[in-house]
Amino acid sequence: MITDRHTKVLMTILAFALLLNGLNPWINPSQAVAVETTVSKDNNCSSDKKINTQTLDGVNNVERLLGYIESSVNDVQLTISSIDRKLSDLSSDNRKERN
């Protein structure tokens with residue numbers, strides 16, 4: 001049949017294209033180029049200080065945020081425990097009145 005021939009040709013072309021795609025790094029490898037830069041030590045130290053200061057400020061901000069979240073969670077837990085205590089007191093009062 002003619003469709004079988006076309007299918008075989010198409011599959012052969014696809015297989016050949018995938019083979020060439022897989023062999024591309026060996027056939028035409030990309031060039032690895034290293035660029036050497038010279039940096040004076042004074043500039044390097046000042047930029048390191050700036051980066052360290054920014055990092056320290058970021059850590060301090062995160063610690064403050066975590067403290068705020070922790071205090072908010074503690075407030076919510078205290079509120080829930082007081083509501084539970086009030087509900088348990090109400091339910092015990094209702095039981096006493098029924099008896």
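A: Of the 26 residues of helix 1, the number buried is 0, so helix 1 lies largely in the open. Please keep in mind that this is a predicted model.

Q: What does the secondary structure of the protein chain come to?
A: The protein chain has 2 helices and 0 strands, and 0% of its 99 residues count as buried.

Q: Where in helix 1 is there a kink?
A: The kink, of about 30°, is found at Asn 21, shortly before the proline Pro 25.

Q: And how far apart are the end C-alpha atoms of helix 1?
A: They are 35 Å apart, which agrees with the 38 Å that its 26 residues should span at 1.5 Å a residue.

Q: Switching topic, which residues form the nonpolar patch on the surface?
A: Phe 16, Leu 19, Leu 20, Leu 23, Trp 26 and Ile 27 form that patch, and together they have about 680 Å² of accessible area.

Q: Why is Leu 23 called partly exposed?
A: Leu 23, which lies in helix 1, has a relative accessible area of 33%, and partly exposed covers values between the 20% limit for buried and the 50% limit for exposed.

Methods. Residues are numbered from 1 along each chain as its sequence is written. This is a predicted model: local features need pLDDT of at least 70, side-chain atom pairs count only at pLDDT 80 or more; totals for chains, interfaces and linings use all residues. Side-chain values use heavy atoms; hydrogens and water are left out. Helices (H or I, at least four residues) and strands (E, at least two) are DSSP runs, numbered from the N terminus. Buried means under 20% relative accessible area, exposed over 50%, partly exposed in between (1.4 Å probe, protein chains only). Patches are made of residues with over 30% relative accessible area and no salt bridge: like charges are joined within 9 Å, nonpolar side chains (Val, Leu, Ile, Met, Phe, Trp, Tyr) within 5 Å. Accessible areas come from the Shrake-Rupley method with a 1.4 Å probe; for residues, only the protein chains shown count as cover. A salt bridge is a side-chain nitrogen of Lys or Arg within 4 Å of a carboxyl oxygen of Asp or Glu. The expected span of a helix is 1.5 Å times one less than its number of residues. The bend at a residue is the angle between axes fitted to the seven residues ending there and the seven starting there.
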